[in-house]
Amino acid sequence: MKVEGKQRIWMDYQKEIAEDHFFYVRSCVRQNFFPGSEKTFLRILKSELQKDIYENPSHTTCSGIGYHTDIVPFETAMTMVARQFALMTEAGYENFTTSCITSFGLYSEVLETWHHFPETEEKTREFLLRATGREFKKPNNVSHASDIIFRFRKEIRDKGKYKLVNQHTGQPLRVVEHIGCHYSKMFPSKGIGGAEYPYVLIGMIEDWGGEVIDYPERRHCCGFGFRQYLIQANRGFSISCSKKKFDSMEPYKPDMILTNCPGCPMFLDRWQYAISEMEGKTYGENGHGIPVLTYEELAGLVLGYNPWDLGLQVHQVPVEPLLDKIGIPYDPEMKFKGADGQDLGKPESPSFLKFYFENV
Amino acid sequence: MKSFGYTISEDRQIDFDANDRNMTGFINSIEPSIRLCLGCGSCTATCSAGHFTDLNIRRIHTLVQRGELQHLKKEIMKCMLCGKCQLVCPRGVNLRNLILLIHSALEKSGL
Amino acid sequence: MSKTAIIIGGGAAGMETASQLARLGIEVDLIEKQSRLGGHLNSWDRLFPNRRDSKEVSEYLELGMNDGISLHMNTEIDDIRMAGERFTLALRDGNELYSDALVIATGYEVFDARKKEEYGYGIYDNVITSVELEEFFRNNKQKNLFEGIQSKRVGIVHCVGSRDEKAGNLYCSKLCCVTGVKQAIEIKELMPDAEIFCFYMDLRMFDRHFEEMYYEAQEKWGIQFIRGRLSEASENPDHTLLVKLEDTLTGLPLKMKIDLLILLVGFVPSPETQRLAAMLGLKEGDDRFLCAADEHTSTNSTAIPGVFLAGTVKGPAGIANTITDARSTALQVAAYLK
């Protein structure tokens, strides 16, 4: 493959990412699945990059989940988004950054709608004023948190202690990158690299020493959606989408998967367990599965943070094989201990997806 | 194996490379006129059985060319060998022979 | 002083118009920006429908290049001025040419397949265009087409850059379908154990002997035709291609491994055609090809007296039709100059 050909594609889609003074809004559910991620993002921005990033504790969901499940009508979603913007305005910020990719998609969609249909913006201002008494200004810049990590990837690399290189073979790690659908499939111009060759994660991987895998189902959705996932009986469709991706990436022998959405890593991580229990099939080496990381977790690892501070113990697919490849030290004994060292108990061992250390 | 209340859907995409096309080769070598089909659908339009059963002769013989044999036996049973399809085919495909060959191939492969 | 004509473009249309006008005793200047005459004909190996050697047609066209024609090779035009019924052409090298009639025969270019990035041209190995395949046949008759390629499965993709809103071209380029079928037969001749697939939306076998060629491709050569437009091509670990399409005749999505993918690229009006049209104020259709004065009765003149059109400036056309069209243009020019 001629990589320059791919790189030509991503050059068409560039966008402005704010540099400092961010107003941060969190994800509804991400802290359940990946508890360390948002905390790590704030830590990196504040301690490593000395950026000003602020979040208002009374900010709410953007209602993306509800909107995409047809439970929340669009007018309500627009008003909730407007309230978030009002909080940002009141705090004196202009740069908006979201933790969740669906949020990012919704904020982009709402801003586009207001742009093309100004009467909806007027109506929303009216609704917000009547409901809460608040007023808002539209943000100057809306970036996703992964855009910001992308923008400062070189600084992170320079401060970093580890590279995405297999210390035993000296080869770059083979990384599968997976973009949330709401990042650039809805509005290709709002994503770095567009929808065809989204560059935001590739940039991180390449600058941190890894190698990106191009496989046929690369652009395939992981199956999260919202509608199909909420009802248990429908999840067959969701798990089949992820399985199709796994089957396609398997021959390329990936070392890890990197994602930038709350739902995708949850799916790609947990479905490996579900597939192993339902069909007995595991991916990756030695039945350990393919580790799935969020971009904050990967940035944290590159910077040398303690893996258990990043929340990696909660991952279904064990991350230890990856840590050993990179050469990141960790204490297996501390994996399931609390912050004060108290024993939190251990999860049940899956039937086929092996724990890395059986006796821990 | 555990069940979590849902099943993994089967991928319905035709995986051309994974399919067994031995039957295809067998049929094509004995009845080469099948290669002339251009997918016009005249055969299916006139098919006696096709109006009241799910027999779509154009579709199933195309599936045979791809090596997709899953529902072949059940569907092909509906053909009464009336020969109207062959009468109407603009390219002169010997459809009745094709159907007899499919039966023969199915028997041979124990399907 | 006898009246003269200038023909811009030395491809098949330009050459035939020039030779016919010269036969009628009219002084002709033929301007060509490249160093040789013939245009795209120089790239083709064998022409449909009978797969005869294109060099025979080139030779016929060359025969007409006699003393009555002043050839200006490697010449580009900077400006054209009209004064009354006279044309003044300012050439790039500083010279000027004058005439009483102008024939625009600047032809077409093929669609740039890199714009269909999902097909992997310029990205994956072993994705080539139909033009590159023709050039291979023309220049490498003895070489193995599949040198360096493991097994022998070839895919031919129809409608690349044509009938495609995303590519900016809604029109059909007319001749790609027959080119694809012709090339499928030629590859099979070269590699009898190759498996060849044509991925099409429609098969436009509109002219004499074209449908029979399709029949022959199926019956004699075993070429397989799958009705479905490629959504994308990806790369397998072994650098072969994986193509995805819907097999519309069975109604199921399909994926298959391909060793060599050939893109049938369509016609686009050449930048030179568009530049001259802008200079002269010639009318363009929605498809950006030039418009003649009347679609049925006056297909060689334009709304501007003295400016005539020949060949593929008006839209996709094959060699045979181009030569006939050029003769028609010559007749119109001669009548005008009397």
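Two residues are in contact if their C-beta atoms, placed from the backbone, lie within 7 Å. By that rule, residues 24 or more positions apart account for 67% of the contacts in chain B with a separation of 6 or more. This is a predicted model, in which local features need pLDDT of at least 70 and side-chain atom pairs count only at pLDDT 80 or more, while totals for chains, interfaces and linings use all residues. Residues are numbered from 1 along each chain as its sequence is written, and chains are lettered from A and ligands numbered from 1 in the order in which they are written.

**Chain B**

- Chain B has six helices and one strand; helices (H or I, at least four residues) and strands (E, at least two) are DSSP runs, numbered from the N terminus.
- The order of these elements from the N terminus is β-α-α-α-α-α-α.
- The C-alpha trace of chain B spans about 55 × 30 × 25 Å along its principal axes.
- Of its 111 residues, 31% count as buried, meaning that 20 or more other C-beta atoms lie within 10 Å of the residue's own, with C-beta atoms placed from the backbone (exposed is 12 or fewer, partly exposed in between).

**Chain C overall**

- Chain C contains seven helices and 20 strands.
- Along the principal axes, the C-alpha trace of chain C spans about 70 × 40 × 40 Å.
- Buried residues make up 46% of the 338 in chain C.
- Of the contacts in chain C between residues at least 6 apart in sequence, 66% join residues at least 24 apart.

**Strand S18 of chain C**

- Strand S18 (residues 260–265) of chain C is mostly covered, with six of its six residues buried.
- C:Leu260, C:Ile262 and C:Leu264 point one way from S18(C), C:Leu261, C:Leu263 and C:Val265 point the other way, and all are buried.
- S18(C) pairs in the parallel sense with strand S11 (residues 127–129) of chain C over three bridges, where two strands pair if DSSP finds at least two bridges between them.
- Strand S12 (residues 153–160) of chain C also runs parallel to S18(C), joined by five bridges.
- C:Ile262 in S18(C) stands opposite C:Ile128 and is the bridge partner of C:Ile156.

**Where chains B and C meet**

- Contacts link 14 residues of chain C with 13 residues of chain B.
- On the side of chain C that touches chain B, helix H5 (210–219) and strand S17 (252–258) of chain C each supply at least two residues.
- The largest share of that side, six residues, comes from S17(C).
- The residues of that side divide into six nonpolar, three polar and five charged; Ala, Val, Leu, Ile, Met, Phe, Trp, Tyr, Cys and Pro count as nonpolar, Asp, Glu, Lys and Arg as charged, and the others, Gly among them, as polar.
- Strand S1 (residues 14–15) of chain B pairs with S17(C) in the parallel sense over two bridges.
- B:Asp15 has C:Lys255 in S17(C) as its bridge partner.

**Domains of chain A**

- Chain A is divided into domain 1 (14–145) and domain 2 (146–334), with bounds from an automatic or database domain assignment.
- The centres of domain 1 and domain 2 of chain A, taken over C-alpha atoms, are separated by 25 Å.
- In chain A, 31 residues of domain 1 are in contact with 35 residues of domain 2.
- Helix H6 (101–116) of chain A is among the elements that give two or more residues to the side of domain 1 that touches domain 2.
- H6(A) provides the largest share of that side, seven residues.
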